[in-house]
Amino acid sequence: MDWFLDQLWQTFVEDNRWRYFASGIAATLEVTVLALILGTIIGVLVAVVRSAHDSQRGNKKGLGHVVLGVLDWLCKLYLTVIRGTPSTVQLLIMWFIVFQWVDSDYMLLVAALSFGINSGAYVAEIVRSGIMSVDQGQSEAGRSLGLNYAQTMQYIVVPQAIKNILPALVNELITLLKETSVCGFIGLTDLTKGAMIVQSRTYSPVVPYLAIAVLYLVMVLAISSLLGLLERRLRASDKR
Amino acid sequence: MINVKNLTKSFGDHLVLAGIDEHIEKGEKVAVIGPSGSGKSTFLRCLNLLEQPTGGTITFEGVDITDPKTDINKLRTRMGMVFQQFNLFPHLSVLENIRLAPVKLKLMTKDQAGEKALELLKRVGLPDKADAYPKQLSGGQQQRIAIARALAMNPDVMLFDEPTSALDPEMVGEVLEIMKELADDGMTMVVVTHEMGFARSVATRVLFMDEGKIAEQADPETFFGSPQNPRLREFLSKVL
C-alpha cells in the first residue's frame with residue numbers, strides 16, 4: 001500500500017506531473033473532435049456521391065453522368081487506399097512527408113487532418129449503408145413533390161439514415177478516440193505520450209499506464225452515454 | 001394537359017410499355033386498370049418521370065418533360081403523387097410532412113404552409129393529427145395525410161398509384177371518399193386502381209392495360225357494360 005501511494009505521488013504530484021495527463025487529455029480530445037468533424041463531412045459527401053452514382057444505373061446519359069462517374073472513381077480510390085493502409089502509417093506519411101516543412105506548432109492540426117481523412121473512409125461506408133437502408137419510396141416521395149436530389153437527401157434520406165446508423169457511428173467515434181493514441185509516433189504529446197514521458201521519469205510503468213487506461217475508458221463511457229441520449233431523442237418519432 | 005406519344009419503357013430486355021399514346025384533358029378523372037404486370041404503374045410513374053421512359057415523348061401543359069433540358073423538379077411541383085405504401089416521412093410530424101416541400105422550395109413561408117397544412121388536414125378529416133408522427137396512425141389515416149401532402153403543392157393533376165391496395169379492407173372507404181371529394185372539386189386525376197366500384201362511379205374514362213399497351217378505353221358505362229376486348233372481358237369476369 002505504501003508502495004502504491006508512493007507511486008501515485010511520483011506519477012501525479014511530484015514536479016506537477018499531473019499536467020502531462022491534463023494536457024494529454026486535451027490534445028487527445030482536440031485531435032478526436034477535429035478529426036470527427038472532418039471525417040463526418042468527408043464521409044457524408046463520399047457516401048452521397050457513391051449513392052448518387054449507384055442510383056444512376058440504367059440512365060447513363062449526359063455530362064452529369066460522366067462527372068459523377070469520375071467522382072465515384074475518386075471516392076473508390078480514396079476508400080481503397082485509406083482502408084487498406086494502417087492509420088499510423090498514414091499519420092507518419094502526413095507529418096514526415098506531406099507536411100515536412102510545416103512548423104511543429106501545427107502538429108496537432110496535421111494529426112487531426114490525418115485522422116479525419118482516415119475516419120472519413122469508414123464513416124462514408126457506414127453512411128452509405130444507412131442511405132441504402134432507407135426505403136426507395138422515401139426519396140421517390142421527396143422527388144415527386146419537386147425537391148431535387150440534394151434536397152431530398154438533406155431533408156428526407158440522410159436524417160433517417162443517421163438515425164439508423166448512429167450505433168455504428170458511435171462505434172467509429174470510439175475507435176477514432178482510441179486510435180489517436182499513436183499520435184506519439186510523430187511527437188505529439190497526447191494522453192498516451194504523456195504517460196510515456198511520466199514513465200521515463202519515474203521508471204515505473206504501473207500507475208501511468210493503468211491511469212491512462214482508466215482515463216480512456218472514462219472518455220469512451222462519456223461519449224457513449226452522451227450519444228445514447230441523442231439516440232433516444234431521435235427515436236421519439238418511433239413511439240406508437 | 002398531358003399528352004403521351006409512343007411511350008415505351010423497358011427494364012433490360014423486358015419490355016414493360018410497348019408504345020402508349022394517350023391524351024388526358026384538364027378535369028378528366030382517368031382510371032387505369034389491368035392485370036398485375038400489365039405496366040399500369042410504370043405508365044403512371046413515367047408521367048412524372050419517376051421512371052425514365054426508354055422512348056417516346058410526354059408533354060405536360062405544353063412542355064416536353066422527356067426533354068433532358070426540362071427542369072423536371074419544377075414540373076413535379078404541379079403533379080401530385082400518392083403512393084401505394086403512403087411513403088410519409090417517418091422522422092417528421094404530420095404537419096412537417098405536409099409543409100416540408102412548399103417551405104423548402106420557397107413557395108410559401110413556414111406560417112403560410114402551416115396554415116395551409118391545417119386546412120388540408122381538416123379537408124381530409126384529420127384536423128387533430130398535426131403533431132402526430134406517421135407511425136402512430138392507421139394506414140387509412142396515413143394515406144389521407146399523403147393526399148394532403150401532395151395537395152399542399154397546389155398541383156394541377158394528381159397521380160394515384162394503387163392508393164388503397166396496401167390498406168386493410170375497412171380503411172379503403174375513407175381514402176376513396178377523400179378521392180371522390182377531390183374529383184368532385186374538379187381535380188384532374190389519373191388513378192391506377194383495383195377498385196372497380198371507384199372506377200365505375202368516379203372516373204370519367206377507364207383505360208384497360210394489357211401487356212404494355214392500352215387495350216381498350218371507354219367511359220365507365222360502356223367500359224363495364226359492353227367490354228369489347230376478350231382479355232378485358234376475362235379480366236372483368238375475374239374481378240367483378
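**A walk through chain B**

Among contacts in chain B between residues at least 6 apart in sequence, 65% join residues that are at least 24 apart. Keep in mind as you look around that this is a predicted model.

Let us start with the overall build. Chain B holds nine helices and ten strands. Its radius of gyration is 18 Å, close to the 18 Å that the globule rule gives for 240 residues, so chain B is as compact as a globular protein of that length. Taken along the principal axes, the box filled by the C-alpha atoms of chain B is roughly 50 × 45 × 30 Å.

Of the 240 residues in chain B, 57% are buried. As for charge, chain B carries 28 positive and 33 negative side chains, with the centres of the two sets lying 4 Å apart.

Now zoom in on strand S1 of chain B, which spans residues 2-11. Strand S1 pairs with strand S2 (residues 14-24) of chain B in the antiparallel sense, over eight bridges. Along this pairing, you will find Val4(B) opposite Glu22(B) in S2(B). The hairpin of S1(B) and S2(B) has two residues between the strands, and in this hairpin Gly12(B) takes a positive phi near 65 degrees.

S1(B) also has a link to strand S4 (residues 55-60) of chain B: five bridges join the two, which run antiparallel. Here Thr8(B) has Gly55(B) in S4(B) as its bridge partner.

Technical notes:
Residues are numbered from 1 along each chain as its sequence is written. Chains are lettered from A and ligands numbered from 1 in the order in which they are written. This is a predicted model: local features need pLDDT of at least 70, side-chain atom pairs count only at pLDDT 80 or more; totals for chains, interfaces and linings use all residues. Side-chain values use heavy atoms; hydrogens and water are left out. Helices (H or I, at least four residues) and strands (E, at least two) are DSSP runs, numbered from the N terminus. The radius of gyration is taken over C-alpha atoms; the globule rule is 2.2 Å times the number of residues to the power 0.38. Buried means under 20% relative accessible area, exposed over 50%, partly exposed in between (1.4 Å probe, protein chains only). Contact means heavy atoms within 4.5 Å. Lys and Arg count as positive and Asp and Glu as negative; His and the chain ends are not counted. The place of a charge is taken as NZ of Lys, CZ of Arg, CG of Asp or CD of Glu. Two strands pair if DSSP finds at least two bridges between them.
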